[in-house]
Amino acid sequence: MYKKLRTLQTIDESGAVLIVRLENADVAERVAEAAIAGGFRALEITLSIPGAVDVIRQLSAKHGPNGVAVGAGTVLDEHSAYECIRAGADFLVSPQLNPAMIRTANRYQVPTISGAYTPTEFVNSAEAGADILKLFPTEAGGIPYAKSVLAPLAHLPIMPAGGVTVENVGEWFAAGVAGVGVGSYVTKAWQPDGDFSRVTEAAKEFLSAVAEARQ
């Protein structure tokens with residue numbers, strides 16, 4: 001199977017992408033390792049983290065052979081896209097539609113998750129060649145908005161980025177989303193006492209909720 005198809009299959013089967021947006025590379029890598037131990041198979045390391053490309057390179061080299069897809073987030077242009085692809089990123093995520101970024105990714109057969117909010121933006125992103133469409137931001141409209149957008153656009157693979165918890169993940173899938181992006185619920189679980197095993201437990205709990213929601 002082609003690598004691009006394998007990556008998309010990993011994201012589809014897991015139903016969830018972990019969004020790692022933290023203050024530094026060391027914490028990001030520790031959180032990613034703990035989340036992988038908890039079962040996550042698709043992780044997005046955002047370029048807002050200083051040294052993010054090195055984190056992507058290390059995680060991809062270590063966990064890629066075991067079927068973990070390590071992607072790059074906040075990829076705003078084609079230059080960042082190429083740098084991340086060279087570092088081993090399995091997929092690219094942007095908060096907005098950037099046709100040049102998608103074109104670069106497609107040139108090297110790397111899947112893209114492109115940010116959109118309005119129906120026009122979703123359709124434009126699909127026409128530009130994005131593989132998955134990221135509902136962003138999610139806080140403004142939430143689940144009711146996703147349901148409204150998906151009513152006429154149910155054929156598009158839409159994934160919310162943020163605002164997803166164990167308590168509401170079932171409602172998101174009931175609204176028709178193809179998968180979910182989750183961040184703080186898992187990535188900041190260690191903060192009360194610095195215990196990163198809490199991230200592993202939060203990952204297990206969240207993925208269990210996703211599996212139950214998709215039954």
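The model is predicted, with local features requiring pLDDT of at least 70 and side-chain atom pairs counted only at pLDDT 80 or more, while totals for chains, interfaces and linings use all residues. Residues are numbered from 1 along each chain as its sequence is written, and side-chain values use heavy atoms, without hydrogens and water.

Along the principal axes, the C-alpha atoms fill a box of roughly 45 × 40 × 30 Å. The secondary structure comprises ten helices and eight strands, assigned as DSSP runs (helices H or I, at least four residues; strands E, at least two) and numbered from the N terminus. Of the 215 residues, 52% are buried (under 20% relative accessible area; exposed, over 50%; partly exposed, in between; 1.4 Å probe, protein chains only). Among contacts (heavy atoms within 4.5 Å) with a separation of 6 or more, 56% join residues 24 or more positions apart.

Helix α4 spans residues 78-87, and its buried residues include Ser 80, Ala 81, Cys 84, Ile 85 and Ala 87. These residues lie on the same side of α4, because they cover an arc of only 160° around the axis, the arc being that of the directions from the helix axis to the C-beta atoms. Their cover includes α3 (52-63), β3 (69-73), β4 (92-94) and α5 (99-107). The exposed residues His 79 and Arg 86 are carried on the face of α4 turned away from the buried side.
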